[in-house]
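Welcome, and please open the structure in your viewer.

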Amino acid sequence: MSDPDPTPRLSAAEQAYLLAIRSTPEDGRLTAAGLGRRLKVSPQAAGEMLRRLSPMGLVDQDDHRNLRLTTLGQELADGIYRRHALAEWLLIDVIGVGWAEAD
């Protein structure tokens, strides 16, 4: 029997990084240092995570060191975003938890 989810298992931190890169506007630029500031981690921590995500084929850097998600990285980030949105909807609209608690 095959695994129903063929995507790689990502840690919570890896997912957070993908979502942070995903939320960058199309025409915006995001460097490792900027990503670190956004996630409130050191530039070294951001660089280390990018060194983990890059060989997985999820993140690329251009000649100016701007980050972008690869096609696979974008697909995974979109899936993570959808699951988070669905969970928030369930908590807020179905169960009745407040928005701040659900977030």
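**First stop: the covered helix**

Select α2: its buried residues are covered by elements that include α1, α3, β1 (59–61) and β2. Those buried residues of helix α2 (residues 32–39) are A32, G34, L35 and G36, where buried means under 20% relative accessible area with a 1.4 Å probe and protein chains only. Helices (H or I, at least four residues) and strands (E, at least two) are DSSP runs, numbered from the N terminus. Step past the end of α2 to K40, which has a positive phi, near 60 degrees.

A word on the model: it is predicted, so local features need pLDDT of at least 70 and side-chain atom pairs count only at pLDDT 80 or more, while totals for chains, interfaces and linings use all residues. Residues are numbered from 1 along each chain as its sequence is written, and side-chain values use heavy atoms, leaving out hydrogens and water.

Now show α1 and helix α3 (residues 43–53), which pack at an angle of about 95 degrees with axes 11 Å apart; axes are lines fitted to C-alpha atoms over the stretch in contact, and angles run from 0 to 180 degrees between N-to-C directions. The pair is therefore roughly perpendicular, the word used for 65 to 115 degrees. Select A13, E14, Y17, L18 and I21 in α1 to see them meet A45, A46, M49, L50, R52 and L53 in α3, with contact meaning heavy atoms within 4.5 Å.

**Last stop: beside a strand**

Finally, select β2 (67–69) and α1 (12–22), each of which supplies at least two residues to the lining of the second largest pocket. The strand β2 gives the most, three residues.

Definitions and conventions. Parallel < 35°, antiparallel > 145°, perpendicular 65-115°, else oblique. Buried < 20%, exposed > 50% of the residue type's maximum accessible area, 1.4 Å probe, protein only.
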